[in-house]
Amino acid sequence: MGVEKSSAWKALLEHSNAGASSQKLMDLFKDESRSERFSIDLEEMFLDYSKNRITDQTLELLLDLATQQQLPNWIEKLLSGEEVNDTEHRSAMHAALRAGGANVKGKAKDVQVQIETEFKKMSLIVEKIRSGHWRGFSGKPITDVVNIGVGGSDLGPLMMTNALQTIKSPINLHFISSIDGTQTSNILKNLNQETTLFLLASKSFTTIDTLSNAETAKDWLAEVVDDADTLLSQHFIGVSTKPDMMSEWGIPKDNQLVFWDWVGGRYSMWSTIGLPIALQIGMSGFREMLEGASVMDKHFGEAPLSRNIPVLMGLIDVWNINFLGIHAKAILPYDARLKYLPSYFEQLVMESNGKSVNRSGEKVAYKTCPILWGEVGPNAQHAFYQLLHQGTQPVMCDFIAPVERDDFDAHGLTEKEGSLRYQHELALANCFAQSRVLMLGDAAIPDAIKAQFDSPFKHYPGNQPSNTILLKSISAKTMGMLVALYEHKTFVESVIWEINPFDQWGVELGKLIAKETHAAIKDTKKAEEFDASTQGLIKRVI
């Protein structure tokens with residue numbers, strides 16, 4: 001029996017049909033205690049979920065659904081390292097990477113020694129590079145590090161280093177993920193072979209995108225380095241679950257960092273894949289990020305469901321998707337440092353829950369993952385907010401902003417601190433105003449100017465649900481908390497929908513067919529059994 005046939009699901013459906021789905025947010029806020037009751041503080045994070053079309057009864061029924069689906073047991077399984085990735089027969093122990101050996105049990109406890117061993121090796125490499133003691137073939141210190149990866153081996157470190165960019169680093173970081181050559185060319189033409197180090201990051205060490213870019217980097221270095229051993233030992237570091245394959249490629253053992261198959265790619269920045277993050281903020285900063293994530297892990301494992309931030313956010317998304325018919329979600333950070341956060345969450349959420357069969361392999365009869373996208377708020381306001389405010393599509397939104405900016409000195413703009421503080425206040429004002437207008441629509445318009453909006457073209461329906469997440473500041477700790485929150489929220493949704501969020505079989509077939517298609521481009525006879533459209537496209541490019 002699927003979850004949609006269960007008593008808890010049917011109770012929510014009845015609740016929705018009885019009028020809950022037509023609730024107006026402006027009416028719900030007649031309860032003056034609503035904002036306080038529907039918000040949670042956790043150390044340096046604050047969640048306001050009051051602007052969702054939910055009542056106390058809605059939450060009670062959602063919590064009944066969570067209990068029926070044995071969510072507490074699933075949380076225990078995840079955090080203790082049981083096999084929750086059943087289609088690949090693996091644990092998903094990304095939380096174990098940030099446990100620091102404390103308050104951890106089961107298989108997750110068993111792997112703490114090997115995690116710490118690898119982090120100690122990573123720490124030595126980080127210190128050697130950041131101190132200028134890692135030198136290139138000519139004896140000059142490394143000044144630029146290029147991370148070559150794709151998916152989780154790129155997006156996580158890229159997102160996090162950009163978010164923490166105001167922490168001064170002696171190393172310039174660059175990221176290559178695209179296979180088309182443009183990104184690689186644009187980066188390499190501005191670098192010096194003598195002082196450039198490449199990080200080759202690939203879980204499987206078979207990803208064609210990554211290995212192709214790595215060969216290009218090797219060829220670029222070979223223009224000035226005659227000795228292959230010197231080129232590889234002084235200009236390449238490998239990070240993978242496959243040490244043998246790194247050795248076969250030519251990376252020396254001392255230059256290898258490993259992680260394990262129980263670390264999913266989109267969760268891998270907590271592992272040695274996070275080497276670029278540690279190069280940006282130091283190993284102590286990297287551990288601070290892990291500690292922030294651990295705060296959220298502990299909260300997820302111990303807080304009652306009714307006051308559990310990932311649980312509530314996940315259940316509210318289920319309510320919006322399955323009972324209110326809202327199938328799109330916008331991630332809207334109000335700080336330019338969080339530019340890559342929407343892209344990172346796109347991968348995390350849609351690669352995890354973009355599934356149409358349950359854990360038994362049966363096709364589900366309900367919607368699962370939302371279509372997720374986003375952009376830095378001020379940019380988004382001048383792009384797709386038109387659809388949010390006046391379009392025909394209902395959309396749920398997550399607004400994310402730091403309360404404080406303590407990085408003005410890092411920009412060298414101390415003398416303009418007043419204006420920068422004003423700009424920060426303006427960003428917060430826009431963040432709060434947009435969520436208010438999405439909620440209230442026309443009712444947010446002050447009486448003094450209502451006449452100016454007396455037109456069907458200027459009508460704002462409102463009633464769009466949203467969450468607002470405030471961070472004390474953007475720091476390694478708060479970013480760790482934030483990302484772990486979304487990881488666990490995504491897991492909560494998967495438990496309700498009875499799907500496995502840790503495999504990604506939908507990615508694999510495309511890779512396989514791409515290899516077959518590439519062979520057909522090289523030899524058109526191999527395309528004879530392809531469809532007419534693909535054959536025609538191949539003929540256009542040969």
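Strand 3 and strand 4 (residues 172-176) run parallel and are joined by 5 bridges, where strands are taken to pair if DSSP finds at least two bridges between them. Helices (H or I, at least four residues) and strands (E, at least two) are DSSP runs numbered from the N terminus. Within this pairing, Val145 stands opposite Leu173 of strand 4. The model is a predicted one, in which local features need pLDDT of at least 70 and side-chain atom pairs count only at pLDDT 80 or more, while totals for chains, interfaces and linings use all residues. Residues are numbered from 1 along each chain as its sequence is written, and side-chain values use heavy atoms, with hydrogens and water left out.

How many residues of strand 3 (residues 144-148) are buried? The count is 5 of 5, so strand 3 is largely enclosed by the rest of the structure; here buried means under 20% relative accessible area, exposed over 50%, and partly exposed in between (1.4 Å probe, protein chains only). The cover extends to both faces of the strand, with Asp144, Val146 and Ile148 buried on one side and Val145 and Asn147 buried on the other.

Leu199 has Ile237 of strand 6 as its bridge partner, and Ser240 is partnered by Val258 of strand 7.

Is Ser268 buried or exposed? Its relative accessibility is 2%, and Ser268 therefore counts as buried. Leaving aside residues up to four places away in sequence, Ser268 touches Gly152, Ser153, Phe259, Val263, Ile273 and Gly274, a contact being heavy atoms within 4.5 Å.

Ile371 touches His327, Ala328, Lys329 and Met350, not counting residues up to four places away in sequence.

Turning to the whole protein chain, the model contains 21 helices and 11 strands. Its radius of gyration is 25 Å, close to the 24 Å that the globule rule gives for 542 residues, so the chain is as compact as a globular protein of that length. The radius is taken over C-alpha atoms, and the rule is 2.2 Å times the number of residues to the power 0.38. The C-alpha trace spans about 75 × 65 × 55 Å along its principal axes. Of the 542 residues, 53% count as buried. Among contacts between residues at least 6 apart in sequence, 74% join residues at least 24 apart.

The protein chain exposes about 23800 Å², of which carbon and sulfur atoms supply 51%. Accessible areas come from the Shrake-Rupley method with a 1.4 Å probe; for residues, only the protein chains shown count as cover.
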